[in-house]
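Here is a briefing on charged pairs, a chain interface and a strand. Keep the model in view as you read.

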Amino acid sequence: MHVHDLIGEALAGMLAKPVRSALTTLGTVLGITTLVVTVGVAATAGNQIVGRFDELVATAITVEVPESEHTPLVEWDAVDRVTRLRGVESAAAVAESKDSTNLSVRSNDIVDPTRVTTQSMTVLTATVGLPEAARGRMVQGRFYDTGHIRRGDRVAVIGDRAAQQLGITRLDRSPAIFIGKHAYTVIGIIGDLRRERNLSTAVIVPPTVGRRFGLRDVTRVLVNTSLGAADLIARQAPAALSPGNGDMLQVVAPPSPTRARDKAQDDVNALFLILGLVSLVVGAVGIANVTLVTVMERVPEIGLRRSLGAARRHIAAQFLLESTLIGLTGGVIGAGVGVVTVVAVSAAKQWTPLLDVRLAIAAPIAGAVVGLLAGLYPALRAARMEPVDALR
Amino acid sequence: MAEPSAPVIELTEVCREFPAQPPVRALDRVTLRVDRGDYLAIAGPSGSGKSTLLNVLGLLDRPSSGSYRLDGAETTALRDGARTRLRGNRIGFVFQSFHLLSHRSVVENVMLAEIYRGQRRGGRRERALAALERVGLGHRVGFRPDLLSGGERQRAAIARALMGEPSLLLCDEPTGNLDSRNTEAVLDLFDELRGQGLTIVVITHEQEVGARAERRVRITDGALVEED
């Protein structure tokens with residue numbers, strides 16, 4: 001028997017009852033769709049988390065400056081040399097010390113026994129580029145400038161959470177806060193930080209003021225580079241910051257904050273994969289069932305074909321191919337619906353859809369295999385039929 | 001190929017028993033010779049063994065004992081596959097209930113006869129159209145079988161049986177589902193085919209059909225008796 005004839009007969013058999021064939025494919029369609037959507041959305045979402053994470057990692061450099069007994073390793077104005085490097089978007093030097101992490105800060109000098117007015121806050125000092133370097137913005141007011149630093153003005157910028165705790169909501173009356181015994185004018189509130197989130201509960205003062213709290217030397221430099229420049233800058237920054245002692249500086253990348261979420265995602269995926277496989281099995285049972293009914297209905301046709309010279313294997317091959325084609329159709333439709341769903345979900349979430357080409361090819365094949373397995377028993381039944389009985 | 005001198009059918013002492021308590025002997029030492037160009041009618045009441053004889057003749061069933069030579073070749077010793085090939089190549093079947101596939105056009109139904117024969121695909125439609133022309137159905141080739149009259153359906157089935165020039169046209173109650181006018185048309189067609197040299201064996205219980213054949217045998221309780 002010619003392969004073309006076999007395919008032609010199987011197609012004709014499948015299309016003889018188009019509605020039934022369409023309904024038969026439904027189980028496979030559901031199964032394959034579930035699988036493609038699960039795998040596709042997982043890959044897309046996974047890529048999204050990794051992508052966002054990467055953007056931060058790929059452009060964020062932190063240079064830790066160890067304490068030095070003699071001359072400071074990094075001067076306050078060294079950060080300007082880093083900013084001049086090609087590929088650096090923003091940079092700021094920060095000074096923090098253990099002594100300044102628990103200073104009492106309050107917003108007025110009234111002793112109110114009914115309220116806790118004194119908060120314990122971290123005081124740190126930084127160069128003027130801090131809002132950009134911490135990838136935040138000034139929620140209110142402004143950051144201090146070089147003029148404030150040069151004059152040693154007693155000004156402070158506080159984080160948005162710190163402002164909340166201190167009860168400072170507006171700056172138009174130049175509110176003051178007391179760090180220890182001294183008053184400082186609050187000129188800005190910094191917020192929406194994407195790096196150095198702990199700054200939102202901190203008080204930031206100019207370096208010239210920070211000396212009073214023991215914040216003499218630069219302890220950390222935050223650098224943001226343009227995409228792809230991080231490697232280069234990571235190598236150049238120590239030399240720019242401390243020409244003689246670059247080797248003593250530590251260049252670090254922030255740790256990954258996404259592991260826990262990955263784990264949760266895996267559990268959900270496993271559930272959906274099982275769901276998809278179950279649908280596939282149900283689809284296979286459906287195909288087996290309908291093919292068996294079809295075989296019983298087409299007993300006279302089987303008899304006719306045997307009388308025309310069809311061997312048992314020809315009969316088996318035809319029914320097997322019919323069920324395989326039904327499975328394949330289900331797989332193709334399922335893969336299509338699945339891909340469209342993944343794209344739709346991605347569009348709704350403003351993600352970049354990530355689809356493995358192998359998935360798009362494997363899905364219809366999986367459907368065909370399901371159809372093939374489901375057709376084994378009915379095809380065998382059809383082939384075993386005696387032509388005499390079939391023609392009766 | 002067929003030996004030109006050999007008879008188309010040569011049954012010698014053929015028996016067919018069905019296992020039961022006691023065993024049912026559907027064919028009892030049947031001996032029959034059908035030569036090329038014969039037109040034979042096998043008559044008999046229902047239950048007489050007509051169908052069993054037809055199944056044996058059509059290689060659909062194997063005799064329990066005896067010899068069956070088709071075109072001079074012994075068939076009882078053949079394996080299943082060889083019998084199937086022989087059936088497909090040498091015998092054209094015509095059934096009482098036509099056995100046309102309802103979702104395929106008339107010409108596609110006729111073309112079906114060739115697909116298991118390993119014949120080349122080229123020209124198959126032309127051969128099917130020629131067969132339909134031969135039975136006078138050239139004007140109905142694209143129709144679905146269910147749009148045809150009973151007589152036209154049977155003629156389509158005969159066209160299918162004629163594909164590939166079989167040695168034997170084996171007909172099982174070919175007019176059982178037809179009215180008298182259509183019966184007449186089919187019998188006329190048999191006469192015509194017979195005139196073209198085809199060997200025809202018709203199994204029937206209708207007197208009229210039997211009367212048209214040049215040779216008649218009667219089967220009763222599995223035993224064959226030549227009439228006239």
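Start inside chain B: B:Arg124 and B:Glu114 form a salt bridge, with their closest N and O atoms 3.4 Å apart. A salt bridge here is a side-chain nitrogen of Lys or Arg within 4 Å of a carboxyl oxygen of Asp or Glu. The pair links distant parts of the chain, ten residues apart: B:Arg124 lies in helix α4 (residues 124-134) of chain B, and B:Glu114 in the loop between α3 (106-111) and α4 of chain B. Helices (H or I, at least four residues) and strands (E, at least two) are DSSP runs, numbered from the N terminus.

This is a predicted model, in which local features need pLDDT of at least 70, side-chain atom pairs count only at pLDDT 80 or more, and totals for chains, interfaces and linings use all residues. Residues are numbered from 1 along each chain as its sequence is written, chains are lettered from A and ligands numbered from 1 in the order in which they are written, and side-chain values use heavy atoms, leaving out hydrogens and water.

**Buried or partly exposed?**

- Buried means under 20% relative accessible area, exposed means over 50%, and partly exposed lies in between (1.4 Å probe, protein chains only).
- B:Arg124 is buried, at a relative accessible area of 5%.
- Another salt bridge joins B:Glu227 to B:Arg218, with the closest N and O atoms 2.8 Å apart.
- B:Glu227 is partly exposed, with a relative accessible area of 26%.
- B:Arg218 also counts as partly exposed, at 30% relative accessibility.

**Salt bridges between the chains**

- Over all chains, the structure holds 39 salt bridges.
- The rule finds four of them across the interface of chain B and chain A.
- In one, the side chains of B:Arg104 and A:Glu9 meet at 2.8 Å, N to O.
- Both residues belong to a network of salt bridges that also links A:Arg298, A:Glu301, A:Arg305, A:Glu322 and B:Glu108.
- A:Arg312 forms a salt bridge with B:Asp80, the closest N and O atoms being 3.4 Å apart.
- That pair crosses between chains, from helix α11 (residues 312-349) of chain A to helix α2 of chain B.
- A:Arg312 is partly exposed, with a relative accessible area of 26%.
- B:Asp80 is partly exposed as well, at 37%.

**The interface as a whole**

- Contact means heavy atoms within 4.5 Å.
- By that rule, 20 residues of chain B are in contact with 23 residues of chain A.
- Buried area is the accessible area (1.4 Å probe) that two parts lose on being put together, summed over both.
- Between chain B and chain A this area is about 2,200 Å², and carbon and sulfur atoms give 61% of it.

**A strand in chain A**

- Strand β1 (residues 60-64) of chain A has four of its five residues buried, so the strand is largely enclosed by the rest of the structure.
- Two strands pair if DSSP finds at least two bridges between them.
- Five bridges join β1(A) to strand β10 (residues 220-225) of chain A, and the two run antiparallel.
- Within this pairing, A:Ile61 stands opposite A:Val223 in β10(A).
- Three bridges join β1(A) to strand β11 (residues 250-252) of chain A, again antiparallel.
- Here A:Val63 stands opposite A:Val251 in β11(A).
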